[in-house]
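The entries follow the order in which I looked things up.

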Amino acid sequence: MTATKERENPVKAPKVPPAWRESTLLRHLFWSVLGLLALYLLSISLDPFRNLQLAQICYMAIATAGLTVLSGLSGQISLGHGAFVAVGAYSTALLLEHEQWPIALVLVVSAAITAALGALVGVAAARLRGPYLAGATLALAVGLPSLADYHGLREVLGGANGLIVTPPPPPLSLGESFPLERWQAWIGGLCLVIVLFLLANLVRSPVGRNMRLVREDEDAAALSGVHVARTQILAFWVSAGCAGLAGGLFAMVNNLASPGAFTLTLSLSLLTAAVLGGMGSLAGAVYGAVIVTLLPNWSNNLAQSANLPQEVYANVPLVLYGVVLIVVIMLFPGGIQSGVRWAGVFLRSKIRPE
Amino acid sequence: MAASRQVRAGIALTAALALTLSACAGGGGGGSSTPGVTDNSVTIGSTIPLTGPAAPGYSEQGPAAKAFFDYVNANGGVNGRQISLKYLDDGYNPAQTVTLTKQLVLQDNVFAVVGALGTPTHTKVVDFLNSSRVPDLFVASGCTCWDNPKEHPYTYGWQPDYTVEGKILGDYVKKNFAGKKVAYFYQDDDFGRDGMKGLDKYIDPSQVVQRQPYQPGNTDVAAQVSAIARSQADVVVLETIPAYTALFKLTSLKLGYNPKLLASSVGADPITVSGLLENFAKQSGASVKGSDLIEGLVTSAYLPALNDMSNSWTALFKKIHDQYIPNVPFDGNVYYAMSYAYTFVQALQAAGKNLTRQGLIDALNKGGLRGPGLVPFRYGADSHAGFTGGQIAIVQSGAQAAQGTPVTTDDADGPVVPYTEKQPTAPPNGIPAA
């Protein structure tokens, strides 16, 4: 309460905002540190299984954040982001197995490899519009994971059975009984905060402005000197890099890279997360990731404890998923973030009636 | 709304915190020091595809195993403990298998994982289960990979592995079709390749004229089947799941090609295959009688025939089926799941009143478990492999009819030898003695 009272002054008086609010960079840094602190407190208060879910939320949020920048900001649709996650996961699996690099390096390299692939796809995508782009990326999601079954690659990629990833254990300095899941949640959380920090800065940068211009009107953007294709390729590059990093974390958290894990469903749940959270909003990406990760688990447990007949039980999670999707979209067509924003405005008007 | 945009990251993380914390109702443990065990209950878990591509047939295994446990519970349980099975739907997606297995172990505190289904799915959790010292019993897959007591002391197979089955079928081909042309139609993964490994130990390589793989999921097998038909093989061995046994049969019918068929037990359940044959035929506008089409199909069985009510095991399982899950068809999957459920109850009995994880493992390693299987298990300190063999069976009027005596072998170069000991009869009340 006191915080909001204090904030009234700078608004009424001619602008004297605190230093950290003046600079975009400092402001994002402040929130990042706060986010890290929150994640730390969360992880030490949760049991190992909840920490595993936290780590899963982190990688889903990273991939969704990348997708939301691509779709919400630069206006390109991708139904194939699961394929990029797969590339990141396989890169991490192979690097961990063959090179034994430290995990940080492995994750960065996996993200870089996927980003490079994303840039290639972006070159094609810059020439495609709407349904054609959706179709092309859909083909990517369906086709790429089956590469693992290709004869020449089977020895390397493990065929339909995929690869088993042995997760790097927590450092001994944390104590011998430190839970692996918490360590993974820490790595995931750190990656998420770094990614959100970088993306938030990108969004507020001239590049981000160009992306919005391209999304609104390509011709107008071109006339005002924006290189449309280059901006679109850049968006694909960034977004695929995020998906690649998410894939690396996926492989580390789930101990695997295998074709059965990167089905079309994964691509669609990333898109669902982006839409649920609010297209184009980084915070929305986190909300969406929380929902698509936790909801199936909750509804499964619910159906199990309700002792339903099997035909019903197996379908309850799907039905619930659909219901949540419909309710959110009906209530907040702009996603959960628009709801949060609305609630923020509403609260502020109550606290401080003009 | 610049202000609200600034706080996005912060709000998001707090929301994640709130949502996760609110779900933080811990799973129950129990008074005993062994997870999942109390004085009057033992909780076990499993992952089974209830939805998705692998669900038809396999989804019956959860309810069937549960039905058997419910029957045991209704008759007093084991050592005064009621068995509670929690089976979760992994949709045959290995990432789901990992999450759900961790949920079972870390959150639901299960005593053991029993009858988890699938090679690509279960291989990803074997390390986790073993490093957590959770008994990982009777994996529902014939992969040779479950038999590795040194690396995975807590993991046990159950059904005969695919190489053992391949050897039995190969031996049959060698004895009955000497000099004939043979072709293989196999699933392009560990299942198909392990099976071929066994076949090749007996069938002369000069006899094998075609080896055609298929990818599960791709239902157009015309190219492979016509290549086999062109090779004019007299005998075709199918290392296939039921859907591809049916697809092979229908496609070869269209080509007017009618070889002698052998199939691994995985893809030879008469009820499942004939149902699929009728379904597939209906989709392409034809009407066939499925059971006629698989007449004469040769397979290697390791459980008694489903329709042989004179067999005490079949009678027992049919009785439980009719009482607890009458809506599920009484097919090979139901029989299979009730059988491993029986083996688990038997192991619990052998582990004694003071139930611990190590006690259960010791009881299994002592060996000597016999049950619905036609041959014994290979369980011991040096082997965690399931059934040691099976018996050639030929489909006659829609059901498997056993031929000759059961045989046993191993997954290496051991010979295929007849097994003459008689199958024990089911206990009168259906519950194994301590």
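I took buried area as the accessible area (1.4 Å probe) that two parts lose on being put together, summed over both. The model is predicted, so local features need pLDDT of at least 70 and side-chain atom pairs pLDDT 80 or more, while totals for chains, interfaces and linings use all residues. Residues are numbered from 1 along each chain as its sequence is written, chains are lettered from A and ligands numbered from 1 in the order written, and side-chain values use heavy atoms, without hydrogens and water.

Entry, chain B. I noted domain 1 (41–160 + 307–387) and domain 2 (162–301), with bounds from an automatic or database domain assignment. I found about 880 Å² buried between domain 1 and domain 2 of chain B, 53% of it on carbon and sulfur atoms. In domain 1 of chain B, B:G142, B:T144 and B:P160 lose the most area to domain 2, together 36% of what that side buries. I read 28 Å between the C-alpha centres of the two domains of chain B.

Entry, chain A. I looked up helix α13(A), residues 264–277; helices (H or I, at least four residues) are DSSP runs, numbered from the N terminus. At 1.5 Å times one less than its number of residues, the 14 residues of α13(A) should span 20 Å, and the end C-alpha atoms are 20 Å apart, which agrees. Ten of its 14 residues are buried, so α13(A) is largely enclosed by the rest of the structure; buried means under 20% relative accessible area (1.4 Å probe, protein chains only). I listed A:L266 and A:G277 among them. After α13(A) comes A:G278, with a positive phi near 125°.

Terms used
Helices (H or I, at least four residues) and strands (E, at least two) are DSSP runs, numbered from the N terminus. Buried means under 20% relative accessible area, exposed over 50%, partly exposed in between (1.4 Å probe, protein chains only).
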